[in-house]
Amino acid sequence: MPATVPIHEPHKIKTVRLVCFPSLEERKRNLQKAHFNVFNLTPSQTGFDMVSYGTSAMSQDQISGQLIGDEAYAGARNFESLCDAVNRVLGHTYVCPTHNSLGAVKLMVATLTPRGSLIPSNATGRIDIHSPRGIEIAPVRDLTEKVFTGNVDLPKLEALLRERQAAIVGMQCFADGQHPFSLENLRAVRALADKFGLRLVLDVSRIIENAWYIQKHEGGQADRSIGDIVKQMSKTAHVILFDGAQDAKSNTGGLLATDNPADHEHFMNEVVVYEGLHTYGGMAGRTMEVLARGISEMCDEEEVQWVMYQTERFTERLRSAGIPLERGCDGAYVKADQFLPGIPVYPEHALAAALYQMSGVRTVVPGHAGHGHLLPVQIPRLAMTTWQLDQVADAIISLFTQRDRVAPLDIERDGAWNDQVQFRSVFADLVPYEFNCYPFIIHTIEPIARTNREQRERAIREAGWNTFLLRSADVSIDLLTDSGTTAMSTEQWAQYDGAHATPATSEAYHAFVDAMKEIYGYEYILPTHQGRAAEQIQSEVLIKPGQFVPGNMYFTTTKLHQELAGGIFVDVIVDEAHDPVSEFPWKGNIDIGKLDALVAQHGAEKIAYISFEFSVNMAGGQPASMDNIREVYAYCRPKGIPVLFDATRAVENAYFIQKRDPRYHNTHIRDIVREMMAHGDGCTVSGKKDFLINIGGLLAFKDNAEWARAAEEKLRIYEGGVRDGGLPAADLAAMARGVLEMLDDRYIKTRVEQAGWLASRLTDAGVPVVAPTGSHAVFIDVKRFLPHVDQDEYPAQRLAAEIYLETGVRVMERGNVSKGRDSSGKNYRPALELVRLTIPRRVYSNEHMRAVADGIARLYERRDEIKGLKFVYEPPALRFFQGRFEPIM
Ligand code: P71
């Protein structure tokens, strides 16, 4: 069952937390203010914060647990959830909650290890908190053991127990963060403890990592599940101590648990003194719920394999570059004294300060000052992508190559603890490390479906071979659309939760209007529930029946509303847009020659407006150039023809202008968008794309008050209130925040480049894709993929289904099925027979994309075996949504 190398995260991103990238100048200022001790820096002064304590990404189930805290003083329901989780996962009957692990230690001291006690232990890190209490820790780690370095030296322990009276026998999973023990050793320690009539107290805070190590390295354990091993480990101890901010991915919380009712009685009587009542122990009800859910989830085999894969990969990258380090359960512990042999005093602090100066990465030196020289570089569980971790490793490697230049620190104020010490220093001349990965970390994850081929065969049959009819629960990576599938940020959630609902005028409405005015430069701002609602109103306000609406290609909903309003759509996009192999960079441009011919034929007054779409979706997400946008407006203005943008995916279009037009290389996306919009008279936007939200839209006019008034009239009738467009204040507030985030240069670059990255992996495998890669998706050219399947046997529909069968990935047909039949009943057989792989914003990593590409490459290898489909049910209109098929054998 276990332990193959995972190919991608077994989850997708649900919520992101934006990361700051302070400039070199800011970093130097921050470092100075922090007295060169990076402990004093805050996360907003930090790029990546490499600490694992309380920083894990939670699951969506955990985060929802936050909202059902039963904040009763006594007997909270969440306490029952916690007991239940501990019983099931860790196997102990009686649970005593504490505010965190120090609370659990306090209880232990009050009940089992009073002042003057001796605790033999495989861990020494906790000496810091035990020695002030007059408790002696006797280290009994087996220093000869190479693999299970956390094993107890059994003869040494036995000799010690014979010689002196110990209070308990202590053991820690992955002792001090670096030393795992074997199950065999744990059981032998338990036997010894029993022999001497002592309790074995096991700190199970890093039990998952230790269990993984046992699964991987201990004879006879490879076929057992993590859950199984964890339970056995936990049950081997008389008392367990658990830190909620580690494996359970909570931000705090702790507990002691036991099967011994007398010990539990003792714990309950003391917990009220130090922590709180025995049914909450100093934790909020919501924390107990988060903790309970975290414990229930923490043995998930695939999640564990993913976390440990990342840890191993990170450590290996550093090790192979020659960085002196020790393995950690949650990252790499760098030996600062060997890294900086020329710096004798506090080399760990000098290293941390230098790393921050050159890269913005923060690492924290814990515990007592000057005790050893390890600098832990820890990985927050599930919160970072492999790409980001590789770059953090590369920053450290880059520092290693410049280590001779790292400046020593002069002590300004010494102290007993690392958080106290302060330094003076100079800024060494270090070459900075520039990150170019996603500018956010993962705050919440959503598990994705795990299916096998047999289950997928059943699912696609039940869906009539139509990916629109698959259940999301049967889909692993969902590339159906980028519409409304975005991960929101924590900032957006803060706005969402803080918004005050009203059917009248909300603050959120004002925030929405102010943000839109500023970004688009338009005077009249109307919210709508999504894009097509704005399109309906715009079309009805601006089109007189019988007028022409020239546009660059078309989008289905846009064209439909123009026609419903009595307009006649005319395609005036450049010819290159229809050619899947043309590399022309501005395939979204309007052909002014075609436009001029239309105007010459019918007269300007017969043109309702130009419908100008950015990042033209049906052409493959192809951008228009700034020159074209300007020229179209310059052509139209003197003739009194309005230009109305479908500004959906405007930011992606702006990115292409920044990238492909040398005049804009140094212009911010924000300014490019504003300039684009200046060459038009109004716009519609499907907010479900650009605005980084799950629902919402915009209708805006530059300065025409009459249109705005007419549109408001329709807004009241079709959508909702004039101040909300049918949206709750919460969604307006999240949108007002989303539009600020959409303009971040780093964000939009990583978003668009992800499509390019996927395309290049497909191309490398020979898979034919539409060129150049567009703004939001990769389009497979199915005529070249399945040349042996006739278009009337729907090759793109079949390929979409085959991709699902092979990989669990869902994609969308854009070909003969979508295009439909002409008036004589024949299929249109369009020039483009495509499958669209659409990339949601901030949801998937490059590992997901690699898995998608590799799966499609496997299909391409055996493409000759793939045949077509025939309809078994064909709806009269928009048949791609509801149509059902059967494979042709
Ligand atoms: C996409 C979608 C969503 C979609 C719509 C219809 C059929 C299948 C999928 C929606 C767009 C769009 C452009 C350029 C307006 C809309 C409608 N795209 N303009 O690509 O791409 O906006 O969905 O908010 O109403 O999957 P709306």
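**A walk through the predicted model**

V685 has L698 as its bridge partner in β23. That pair is a starting point for a tour of this structure, which is a predicted model.

Strand β23, residues 697-701, pairs with β22 in the antiparallel sense, and five bridges join the two. Strand β21, residues 643-646, is also joined to β22, here by three bridges, and these two strands run parallel. In that pairing, F645 has C683 of β22 as its bridge partner. How do the side chains of the strand point? In a regular strand the side chains alternate between the two faces of the sheet. In β22, G682, T684 and S686 point one way, while C683 and V685 point the other way, and all are buried.

S686 leads on to the ligand. Around the ligand there are 18 residues, and those that come nearest are T481, R532, S686, K689 and R836. A polar side-chain atom of R532 is 2.7 Å from an oxygen atom of the ligand. For G531 the atom is a backbone N or O, and it lies 2.8 Å from a ligand oxygen atom. N617 has a polar side-chain atom 2.9 Å from an oxygen atom of the ligand.

T557 sits in helix α20, residues 556-564. Is T557 buried or exposed? Its relative accessible area is 15%, and because buried means under 20%, T557 counts as buried. Leaving aside residues up to four places away in sequence, T557 touches R532 and E535. The side chains of T557 and E535 are joined by a polar contact of 2.9 Å.

The next stop is helix α23, residues 650-660. This helix is mostly covered, since nine of its eleven residues are buried. Among the buried ones are A650, E652, Y655, F656 and Q658. The cover over the buried residues of α23 includes α22 (626-636), α24 (669-678), α25 (687-690), α27 (729-742) and α28 (745-764).

Helix α1, residues 24-33, gives another view of burial: R27, N30 and L31 are buried there. Seen down the axis of α1, the buried residues fall within an arc of 100°, so they line one face of the helix. An α-helix has 3.6 residues a turn, so residues three or four places apart point the same way. The buried residues of α1 pack against α14 (347-359), whereas E25 and K33, on the other side of α1, are exposed. After α1 comes H35, which has a positive phi, near 50°.

The largest nonpolar core has 103 residues, and L82, M233, I295, I780, V835 and L837 touch the most other members. Helix α3, residues 77-90, gives the most to this core, with seven residues. Which residues does I295 touch? Not counting residues up to four places away in sequence, I295 touches L82, A85, V86, V89, F242, A248 and L255. Another core, of 65 residues, lies apart from the largest one, and F612, I672, A736 and Y747 are among its members.

How values were computed: Residues are numbered from 1 along each chain as its sequence is written. This is a predicted model: local features need pLDDT of at least 70, side-chain atom pairs count only at pLDDT 80 or more; totals for chains, interfaces and linings use all residues. Side-chain values use heavy atoms; hydrogens and water are left out. Buried means under 20% relative accessible area, exposed over 50%, partly exposed in between (1.4 Å probe, protein chains only). Helices (H or I, at least four residues) and strands (E, at least two) are DSSP runs, numbered from the N terminus. The arc is that of the directions from the helix axis to the C-beta atoms. Contact means heavy atoms within 4.5 Å. Two strands pair if DSSP finds at least two bridges between them. A nonpolar core is a set of buried Ala, Val, Leu, Ile, Met, Phe, Trp, Tyr and Cys residues joined through side-chain atoms within 4.5 Å. A residue is near a molecule or strand if one of its heavy atoms lies within 4 Å of it. A polar contact is a pair of N or O atoms within 3.5 Å; within protein, one must be able to donate a hydrogen and the other to accept it, and residues adjacent in sequence count only if both atoms are side-chain atoms.
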